[in-house]
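Here is a short tour for anyone meeting this structure for the first time. Have a look at the picture, then read on.

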Amino acid sequence: MRRVLSALAAVAVAVSLVPTAADAQSGRQRGGSRPSGQSASGDSADAPRPQRFAPLRRRVNAGPCPYVKILYDAARYVELDGARAAVSNVGYTGELEGVSADCAYREAEPIRLDISMLFRLGRGPQATGDQKTYRYWIAVTERNSAILTKEYFDLPVNFGGERTAAVTEERTITIPRASITTSGASFEVLIGFDVTPEMAEFNRSGSRFRVNAGTTPAAPAPAPAASPSSE
């Protein structure tokens, strides 16, 4: 009997020294045997801990974005004073040099399209002032089909005494969707200057003047002196 009681006492002592599985798991989450109020780095427990996982990315769109393009016939703006296409007749000029776009839509939401455009503008010999308000348009079409909407915008430019200027213009447009299955690939967005039929034909022909048309060209380098010939 005495041996049995001794054995039971030993088992009781061993059990009291072994933590339960729940206590062991809780101890790992709390940082083991570190003093209370201290984290693994020694900072206060109240300080925010770094995230163990990267934050979730924004939900992807329901489909691709609309195609955004610059219409070739309206990509440039060239005023000509007179019928002859000569540098001396150039007034104000412009060129849509680049465009970038991004969109967002989910479920049955309309498409929100953010557009950034880079314009290069210039003043030729026939320009009459230091300021000019250009006009451009953004059109939404069913892809390879009819125009749905076309909106015009003013682009006021102050050259500040310079012959050329660069302007970045940003616009946001909203495109309704007929149903939840309508994707951005069903639409095409075209951008261009508001040009006259003559300007459009000039662009279509491949003719062009750069935005710095009429500026004074650099003086040519002097020709090397001829060496005297021996007779």
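## The overall layout

Keep in mind that this is a predicted model. The chain holds 3 helices and 8 strands. Going along the sequence, the order is α-α-β-β-β-β-β-β-β-β-α.

Of the 231 residues in the chain, 28% are buried.

## Aromatic rings

How many aromatic pairs turn up in a search of the whole structure? There are 8. One of them is Phe119 with Phe193: the ring centres are 5.6 Å apart and the planes meet at 75 degrees, and an angle over 60 counts as edge-to-face, so that is what this pair is. The two come from distant parts of the chain, with Phe119 in strand β4 and Phe193 in strand β8 (residues 187-193), 74 residues apart. Are these two buried or exposed? Phe119 is buried, at 0% relative accessible area, and Phe193 is buried too, at 1%.

Phe193 also pairs with Tyr134, with ring centres 6.2 Å apart and planes at 55 degrees, so this pair is tilted. Again the pair links distant parts of the chain: Tyr134 belongs to strand β5 (residues 131-142) and Phe193 to strand β8, 59 residues apart. Tyr134 is buried as well, with a relative accessible area of 1%. Put together, Tyr77, Phe119, Tyr134, Tyr136, Phe153 and Phe193 make up one aromatic cluster.

## Charges over rings

The charged end of Lys150 sits over the ring of Trp137, 4.5 Å from the ring centre. Arg76 does the like with Tyr72, its charged end lying over the ring at 5.2 Å from the centre.

## A buried glutamate

Next, find Glu169 in strand β7 (residues 164-175). With a relative accessible area of 13%, Glu169 falls under the 20% cut-off and so counts as buried. What does its side chain make a polar contact with? The partner is the side chain of Tyr136, at 2.9 Å, and Tyr136 is one of the residues in the aromatic cluster.

Leaving aside neighbours within four places in sequence, Glu169 is in contact with several residues, among them Phe119, Ile115, Met117, Asp154 and Leu155.

Which residues of helix α3 (residues 197-204) are buried? They are Met199, Ala200, Phe202 and Asn203. These four span an arc of only 160 degrees around the axis, so they lie on the same side of α3.

Strand β2 (76-80) is part of what covers the buried residues of α3. On the other side of α3, Pro197 and Glu198 are exposed. After α3 comes Gly206, with a positive phi near 95 degrees.

One more stop: Glu107, in the loop between β3 (90-104) and β4 (111-123). Its phi is near 50 degrees, which is positive even though the residue is not glycine. Most residues other than glycine have a negative phi.

Conventions
Residues are numbered from 1 along each chain as its sequence is written. This is a predicted model: local features need pLDDT of at least 70, side-chain atom pairs count only at pLDDT 80 or more; totals for chains, interfaces and linings use all residues. Side-chain values use heavy atoms; hydrogens and water are left out. Buried means under 20% relative accessible area, exposed over 50%, partly exposed in between (1.4 Å probe, protein chains only). Rings of Phe, Tyr and Trp (its six-membered ring) pair if their centres lie within 6.5 Å; planes under 30 degrees apart count as stacked, over 60 as edge-to-face and the rest as tilted. A charge sits over a ring if NZ of Lys or CZ of Arg is within 6 Å of the ring centre and within 35 degrees of the ring normal. A polar contact is a pair of N or O atoms within 3.5 Å; within protein, one must be able to donate a hydrogen and the other to accept it, and residues adjacent in sequence count only if both atoms are side-chain atoms. Contact means heavy atoms within 4.5 Å. The arc is that of the directions from the helix axis to the C-beta atoms.
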